[in-house]
Amino acid sequence: MQSPPDNLDAHALGRAAPEKGLAREACPYAEGTESRERWLSGYDEAVAAGAEPVTGGLKREPGR
């Protein structure tokens, strides 16, 4: 999988990820990058705000 372009807001993408059916471990950014830390921070923020975390990578039917 290719990483998304750096001009995307990684934090906002991470925050939207649980609602889109992505698990935390499905982060598209490489380990050790600032983008990865921002994505994970956004994901954790969404879960702390009440979003249901996804496990195992992807939901069968994202968005449902």
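A salt bridge is taken here as a side-chain nitrogen of Lys or Arg within 4 Å of a carboxyl oxygen of Asp or Glu. In the predicted model, Arg 36 is buried but forms no salt bridge.

Arg 36 lies in helix H2, which comprises residues 34-48. This helix has 15 residues and reaches 21 Å from its first C-alpha to its last, close to the 21 Å expected at 1.5 Å a residue. Besides Arg 36, the buried residues of H2 are Ser 35, Trp 39, Leu 40, Gly 42, Tyr 43 and Ala 46. These residues lie on the same side of H2 because they cover an arc of only 155 degrees around the axis. Glu 34 and Ala 48, on the other side of the helix, are exposed. Helix H1 (10-16) is included in what covers the buried residues of H2. Just after H2, Gly 50 adopts a positive phi of about 115 degrees.

The protein chain as a whole contains two helices and zero strands. Of its 64 residues, 31% count as buried. Among contacts between residues at least 6 apart in sequence, 70% join residues at least 24 apart. The accessible surface of the chain comes to about 4,500 Å², and carbon and sulfur atoms account for 48% of this area.

Technical notes:
Residues are numbered from 1 along each chain as its sequence is written. This is a predicted model: local features need pLDDT of at least 70, side-chain atom pairs count only at pLDDT 80 or more; totals for chains, interfaces and linings use all residues. Side-chain values use heavy atoms; hydrogens and water are left out. Helices (H or I, at least four residues) and strands (E, at least two) are DSSP runs, numbered from the N terminus. Buried means under 20% relative accessible area, exposed over 50%, partly exposed in between (1.4 Å probe, protein chains only). Lys and Arg count as positive and Asp and Glu as negative; His and the chain ends are not counted. The expected span of a helix is 1.5 Å times one less than its number of residues. The arc is that of the directions from the helix axis to the C-beta atoms. Contact means heavy atoms within 4.5 Å. Accessible areas come from the Shrake-Rupley method with a 1.4 Å probe; for residues, only the protein chains shown count as cover.
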